[in-house]
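User: I have a model on screen and want to know what stands behind its labels. Take me through them, please.
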Amino acid sequence: MSEETIYKGLAGVVADHTAVSKVNPETNSLLYRGYPVQQLAAELSFEEVALLLWTGELPSAEEREEFIAFERRHRALDPRVKSAIDLLPTDCHPMDVGRTAVSVLGANHPQAGDSSPEAELRKAKELFAAFPAVVAYDQRRRRGLDVVPPRDDLDYSQNFLWMTFGEEAADEVVDAFRVSMVLYAEHSFNASTFTARVVTSTLSDLHSAVTAAIGALKGPLHGGANEAVMHTFEEIGIDPEETRDQAAARAKAWMEEALGQGRKVMGFGHRVYKHGDSRVPTMKSALDAMVEHYGRHELMGLYDGLEAAMDEAKGILPNLDYPAGPTYHLMGFDTEMFTPLFIASRITGWAAHIREQRADNSLIRPLSAYSGPAERSL
Ligand code: ACO
């Protein structure tokens, strides 16, 4: 590759091998370690998917039980993390809270300087277990509520919802939440994962790589799109009294106007998938279940209206963030909390890539083509 060949946004560049996941835009498929993500979402717990991503294989019954017990022992909100969160304003972005919490956990980790594969796997498992309490507490403090301690008779998803809302969620809600966690877990060299690999390539530590990845995920062109989707719904106006058809008609008109003004509408389009995001049908089914559960059919009207108008005008299809946003809204999360939920899930994929990068490392350092003034004198 000549130095002057520019691949803006690294589009189309194959930066390295990975055995973690395979995204195939031609067949609209996504495999985690060889397994179709739809099958994993249908049959496995999020805890099992995490182990699969990290180790490359499905866990044995013994490995699964051991990890479940480990996860339950590491769920409580670390008091040092709570103190750090309490220093942050309740109107700062929750992604700033998540980024700070991971930093605090890294700085206090007894094996902070140990990047052996064993230490990093342990750190990944601890972070996986500890992060839900960060999101749950941040959601609660924004509503003037205190910490709800974890319960070790609940699985990851049940406990996440318990710590956030202080009540046991219905099975359908837990299942939709679990599905979202599985679908958000991994997606090859997306911007945040690539960020984590860049940081790891300098031989920095796992918490630094995850902290940087959270910064990349925050942006509305990446993870921030799930909350941006809800802002779109809010801008159109959510009216539970409206019928599905009325809502769809208003959404369609809104989209036509927005596209007429040259606006980008979040939750649509993808750098890799040009014929639809492989994860959308599974997440859409989870959203359908939530709409039924909460009896909020007008939201599906908004969903359908925007989707149809975008398809008609530009042929651009929804990405995972599009059905995920309203799903989290129905569950009761504030819109700003949606992207931290993405962190909780993607910690798994990031850690898998950090381990892979470390095992066969080469410093990631591309070239640039200089376009400033020619050499000149003062
Ligand atoms: N709304 C309106 N127009 C769009 C959208 C959109 N969401 N997405 C793409 N387009 C249009 C662009 O305006 C552009 O049109 P033009 O050629 O007339 O200028 C064309 O489609 C190509 O778009 P690019 O942004 O160049 O395509 P790229 O592959 O770089 O972008 C991206 C992918 C960044 C995801 C883009 O589709 C986008 O900005 N979408 C909205 C943000 C979003 O939903 N991100 C979530 C990604 S998935 C995830 O993180 C789980």
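User: What makes a residue part of the ligand's surroundings, and how many residues surround the ligand?

Analyst: This is a predicted model: local features need pLDDT of at least 70, side-chain atom pairs count only at pLDDT 80 or more, and totals for chains, interfaces and linings use all residues. Numbering starts from 1 along each chain as its sequence is written. A residue is near a molecule if its C-beta atom, placed from the backbone, lies within 6 Å of it. Here 17 residues surround the ligand. Among the closest are Phe268, Arg271 and Asn319.

User: What makes a set of residues a nonpolar core, and which residues have the most contacts inside the largest one?

Analyst: A nonpolar core is a set of buried Ala, Val, Leu, Ile, Met, Phe, Trp, Tyr and Cys residues joined through C-beta atoms within 7 Å. Buried means 20 or more other C-beta atoms within 10 Å of a residue's own, placed from the backbone. The largest core has 103 residues, and Val49, Val182 and Val210 have the most contacts inside it. Helix α6 (residues 117-141) gives the most to this core, with 11 residues.

User: What span is expected of helix α10 (residues 206-218)?

Analyst: The rule is 1.5 Å times one less than the number of residues. Helix α10 has 13 residues, so 18 Å is expected. Its first and last C-alpha atoms are 18 Å apart, close to that value.

User: Why do β1 (21-24) and β3 (35-36) count as edges?

Analyst: Two strands pair if DSSP finds at least two bridges between them. The open sheet runs β1-β2-β3, with antiparallel pairing. β1 and β3 each have a single partner strand, so one side of each lacks a neighbour in the sheet.

Notes: A residue is buried if 20 or more other C-beta atoms lie within 10 Å of its own, exposed if 12 or fewer, and partly exposed in between; C-beta atoms are placed from the backbone. Helices (H or I, at least four residues) and strands (E, at least two) are DSSP runs, numbered from the N terminus.
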